[in-house]
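Keep the viewer open and follow along.

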Amino acid sequence: KPDEQFQLAFDLLRSQKFDQAKKTLKEFIVNNPDNKLSGSAHYWLGEIHLLKKDYREAALVFAEGYQKYPSSIKAPENLYKLAEALSKIDKKNEACNTLEKFLKEYIDHKLVVKINSKISELECK
């Protein structure tokens, strides 16, 4: 069952069993492309890549999670973390554009303060 598989991945994450969690999240995404939790699965998979400093892969996962699941509860976080991953791989312009996009789409989101400080930090135009 999809919800049980997602819960298993989440439990593995909490136990810091990142390789197993990564495998379970990937399987969940492949097996449940239309599940409402797939956007969240992308978010957590991206987080594992960030933890492992695999920024390129993290950027790909966050971008896919945002593009495929724009109405997911984690869509704003996917966008924010995409910008973070892009900034780590010296894609400053793309990171800045992503942050600007966030501000246009989620003007009232709780992450706006973080977004604005990231924009300052990156010295976006």
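Buried means under 20% relative accessible area, exposed means over 50%, and partly exposed lies in between (1.4 Å probe, protein chains only). Helices (H or I, at least four residues) are DSSP runs, numbered from the N terminus. This is a predicted model, in which local features need pLDDT of at least 70 and side-chain atom pairs count only at pLDDT 80 or more, while totals for chains, interfaces and linings use all residues. Residues are numbered from 1 along each chain as its sequence is written, and side-chain values use heavy atoms, with hydrogens and water left out.

Start with H6 (92-105). H6 has 14 residues and reaches 20 Å from its first C-alpha to its last, close to the 20 Å expected at 1.5 Å a residue. The expected span is 1.5 Å times one less than the number of residues. Ala95, Cys96, Thr98, Leu99, Phe102 and Leu103 of H6 are buried. They cover an arc of only 160 degrees around the axis, which puts them on the same side of H6. The arc is that of the directions from the helix axis to the C-beta atoms. An α-helix has 3.6 residues a turn, so residues three or four places apart point the same way. The face of H6 turned away from its buried side carries the exposed residues Asn93, Asn97 and Lys104. The cover over the buried residues of H6 includes H5 and H7.

Now look at the nonpolar core. Such a core is a set of buried Ala, Val, Leu, Ile, Met, Phe, Trp, Tyr and Cys residues joined through side-chain atoms within 4.5 Å. The largest one has 28 residues, and those with the most contacts inside it are Leu82, Leu99, Phe102 and Ile115. H3, H4, H5, H6 and helix H7 (112-122) each supply at least two of its residues. H5 gives the largest share, seven residues. A second, separate core of 13 residues includes Ala9, Leu45, Ile48 and Val61.

Move to H4. The 14 residues of H4 (residues 55-68) should span 20 Å at 1.5 Å a residue, and its end C-alpha atoms are 20 Å apart, which agrees. Among its buried residues are Val61, Phe62, Gly65 and Tyr66. Helices H3 (38-51), H5 and H6 are included in what covers the buried residues of H4.

What does Asn78 touch, leaving aside its neighbours within four places in sequence? Asn78 is in contact (heavy atoms within 4.5 Å) with Gly39, His42, Tyr43, Phe62, Gly65 and Tyr66. Asn78 is found in H5 (residues 75-88) and counts as buried, at 0% relative accessibility.

Finish with the aromatics. Rings of Phe, Tyr and Trp (its six-membered ring) pair if their centres lie within 6.5 Å; planes under 30 degrees apart count as stacked, over 60 as edge-to-face and the rest as tilted. The structure holds six aromatic pairs. The rings of Phe10 and Trp44 have centres 5.3 Å apart and planes at 80 degrees, so this pair is edge-to-face. Phe10 lies in helix H1 (residues 2-14) and Trp44 in helix H3, so the pair ties together parts that are 34 residues apart in sequence. Tyr43 and Trp44 also form an edge-to-face pair, with 4.9 Å centre to centre and 80 degrees between the planes. Trp44 is partly exposed at 23% relative accessibility, whereas Tyr43 is buried, with a relative accessible area of 8%. Ring pairs link Phe6, Phe10, Phe28, Tyr43, Trp44 and Phe62 into a cluster.
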